[in-house]
Every structure is written in C-alpha cells, then in structure tokens.
Amino acid sequence: MQLINPANGQVFREVDEDTTETISEKIHHLKRVQEEWAAVPVKERLGIISTFGKLVKAQRETLAQWLTQETGKPIQQARNEVTGAHNRIAHLQKHAEKWLAEELLEKEGSTQELIRYEPLGVIANISAWNFPYNIGYNVFLYALVAGNAVAYKPSEHALLTGFGFKSLLEEAGLPKGLFEVIVGKGEVGETLLKADIDGCFFTGSYATGKKIATQLAGRMIPLQLELGGKDPLYVMEDVRDIKQAAKNAAEGAFYNNGQSCCAVERIYVHASIYEEFLDQFLEEVRSYTLGDPLDETTFIGPLTRKDQPSFLFGQVKDALEKGATLHCGGKIPNRPGFYFEPAVLSEVNHEMELMREESFGPIIGIQRVEGDKEAAKLMADTNYGLTAAVFSQDKNRALQLLDRLNVGTVYWNCCDRVSPNLPWSGRKQSGVGSTLSYQGIRVFTQPKAYQLREG
Ligand code: NAD
C-alpha cells in the first residue's frame, strides 16, 4: 500500500497490508495476552498509559511532523493535537479506578448484590484520519485501561501515527501483543470484522458505519459508531460582538480545513445582523493563509483525501446553479497536492447539497433567517445529529432552542469542541453509543451481576 503526502501528491512510503492470515494470527495473540492483562490492577494499567503520555509529549515534534506528512494537517495544528489529546489521559488518571471498581448496591442480612465490570475482550478499533490522536485515544486508551486488548485499524491516511502509538505504548511497558496495528484500507477492515473479535468501535463516515452495522448484524457483539455530521450554528441578533462571533464561527468551520466531525457545517444568521456578520466573516476567512502545511504560518493546508477537492467543487457548482452567491475561494488552485481555496457562500437554502450533505472541507453556506422559529426548523432539517450551536447573550433563549434539537452535544457561545468529561455521541446518522465521560469507559466493559448469599 502506498502512503501519499497530500501536500504534493507524492508517494513517500510503501507498506505491506495485512491479510486474512496475519489478522487471524494477531487476533489469536491478542486473545491470549488479554487474559493476562485483565488480571493486572487498574492502577498498574494507568501507570503504563501515563508513561505513554509522557513519551508522546517528549516526541511531540517528530509525531507532529508525521501527522502533517500523512494528513496534510498544518504543523501548528498537528502539534496542538498531539499535546491536546493528553487531556484524555488526565481524565483516565482522575476517574478510571472509581468507574471500574466493583459496586456494592445492596446488603441485606446475609445477601449481597454487587456489579463487577469485566472487559469485553478483543476490541476492533477502526478509526478515521482527521484527528487520529483524539479519536484514537477515545477508544484504545479507554479500552486498554478497562482491561481489553485492541486491534487498532488506523485509517490508511494515518498509518505512521498508528505505528507510533504501538511503539510508544510498548516502550511505556504495555505487554507486547496487547495492541496490534492492522494495516490496510476498507477491505482489510472488512476482513478484521470477520475475525474473532469481541466488540467493534468505529469512527468514520455514515456510509461505512452502515456497511459495518450490516456486516456485524447477527454477531451479538457490542458495536459503537461515531459518524459524520452536518452541524448547524445559529447566530442570534443579540450577540455581544458581531466581529468576535464571526471570527469564532469561521474558526469552527475552517479549523483543520473543516475536516472535523463537529466542524460548523452550516450557519444561520438573524436577518438584522446578516450583512454585518457576513462582512466580518469574509474578512476573517480572507486572512487565512493557504500553503505548505509545514510552513508555520499556514492555516489552510491541503485536504487529506485526493478526491475531496473535486467533491467540494461539486457542492459549489450545485449551490451556484441553484442561486447561491460565492464570495471567496471555491476553486482548486493550480499547484501540486490536494488543495481547495476556502469558500464562503451566501443566499443558500436547503435545496442545495452544501446545506444537506456533510462537506468535510473548507466550505460554508451562510443563510439568513427571520427568527428563532425558522432557525430551529432549519437546524433540525438534517439526517445527522452530532452537535448544534447558538451564539447569543440570552442563555434561556438559546437553551430553549437547543433543548429541542435531536443531537448529542449542544454549544452555547462555543462550537467545534470536545471535552473528556462529557459523553461524545451522535444521534440519527451521526451514530450510536458514546465515548468519553464515565460512559466512555464503561462501554468497554460488560457488567456482571453478583447475587451472593451466605449459606
Ligand atoms: P471512512 O468511513 O472512509 O473510513 C473510516 C475507517 O473505516 C478507515 O479506517 C477505513 O479504512 C475503514 N473502512 C472503510 N470501509 C470499511 C469497511 N467496509 N469495513 C471496515 N472498515 C472500513 O471515514 P474517514 O474518511 O476516515 O473519516 C471521515 C468521516 O469520519 C467523516 O464522516 C467524519 O465526520 C467522521 N468522523 C466522526 C467522528 C465522530 O466522533 N463522530 C470523529 C471523526 C471523524
């Protein structure tokens, strides 16, 4: 398999893909090592994860360079990710022991009722490339701490990072064979799902999530799906500072080149501030530097996937044909690599793909609304249900609207953010199940009920 640098389209390395035989060998080994790992006290498991975190921090620059080379993420953002994901480790250190401890629920006379949280076994962790540290840690670190073994299938676009995780986990003292990297594209993922796994935790697109759910139906193993989004932001007319609101909205839409599952994907603005908001938004986006992701000043690098610029160009074309106005960008620049100039469109509506289908790139539609009722209706008009945001000074008014939306996360005066304290979950086509928070560790366990009576 060839690894391609999105900044120049050149192959920089070739690796062997896993086969049915190598996958089955790895799973066999994972099963054996997991049995021993399950007997290791949680405190000791946490010690290894903590050392892993220190090694990652010490190697930050090399790891960030790899991430930039394989995904095109601007180097500053790559460094932020490598360091920022550490909050998952801190979260585990603080809470994992109590969340995995045995719970005595009732003691009456000679009868005791208690729960023990047993690991699931071998977890298939099939992952995406856009934030491999954050979304990887959400699954494999929590799974390991809960006593599982992990077959980690990084995205084919984040393999170097995957190899880095394995080598640093082992350097930190994780038993060899408890964390294996499965190398390959979609077909290799399919093969992994046929192996003797005890649970599947997937992060990626709705299309792939649906295939996986279909493939695993009937297996009776836990399946969790963290999928895409079409996340709306509504800017009310009472925002304290329109310029600041526009700056925050633009960052929510364009950070990591818009390749974030919770990126702002569509914006609704109250008619009374629409023009001013649009002007400020455009000023902000025009200030972004597009360029080589290794350049310290670059904010917009190349897209990770080769086909994505033409997909985005298609969304622009469709919107323009249906009456939208393009204010900036929207073109594929004439340079090597998978670049796309950040695009801002107004006069958009829900007839346009741009306002309905996940874009996952540096492109945004900004729609004028007359009030909260119209905004709420449009925000809910989607097959996805990951996040939704409102900017306003009025918390009650914002929450009245956000409470009614069928999404996993709501934001008031912030957006595009994930906290380890809170469950991260999607609804509808954005997925099933939660990572992070106490739920995000318990999902890697199966509760066993003990009903004990002195004889
Ligand atoms: P993708 O669905 O193309 O691929 C994800 C992973 O699935 C890759 O490792 C891929 O090799 C593997 N795969 C592909 N086909 C498979 C199959 N048939 N069986 C098993 N595995 C298969 O997604 P992507 O391009 O890597 O990531 C982008 C998507 O991920 C976006 O939709 C984004 O919104 C979503 N995402 C969601 C979250 C979240 O937390 N909800 C986080 C990050 C990304």
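**Exercises on the ligand site**

The ligand sits in the largest pocket (an open set of points on a 1 Å grid over the protein atoms alone, with protein on both sides within 12 Å along at least five of seven lines; to sit there, more than half of the ligand atoms must lie within 2 Å of its grid points). The model is predicted, with local features requiring pLDDT of at least 70 and side-chain atom pairs pLDDT 80 or more, whereas totals for linings use all residues. Residues are numbered from 1 along each chain, and side-chain values use heavy atoms.

**Exercise 1.** Determine which side chains place an N or O atom within 3.5 Å of a ligand oxygen atom.

*Solution.*
1. For E358, a side-chain N or O atom lies 2.7 Å from an oxygen atom of the ligand.
2. For W424, the corresponding separation is 2.9 Å.
3. For K153, a polar side-chain atom is 3.0 Å from a ligand oxygen atom.

**Exercise 2.** State what percentage of the ligand's accessible area the protein covers.

*Solution.*
1. On its own, the ligand has 860 Å² of accessible area (Shrake-Rupley method, 1.4 Å probe).
2. The protein covers 93% of this area.

**Exercise 3.** Explain where the ligand lies relative to domain 1 and domain 2.

*Solution.*
1. Domain 1 comprises 2-227 + 430-453, and domain 2 comprises 231-419, with bounds from an automatic or database assignment.
2. Both domains give residues to the shell around the ligand, so the ligand lies between them.

Conventions:
A polar contact is a pair of N or O atoms within 3.5 Å; within protein, one must be able to donate a hydrogen and the other to accept it, and residues adjacent in sequence count only if both atoms are side-chain atoms. On a 1 Å grid over the protein atoms alone, a cavity is a set of points where a 1.4 Å probe fits but cannot get out, and a pocket is an open set with protein on both sides within 12 Å along at least five of seven lines; lining residues have an atom within 4 Å of a point.
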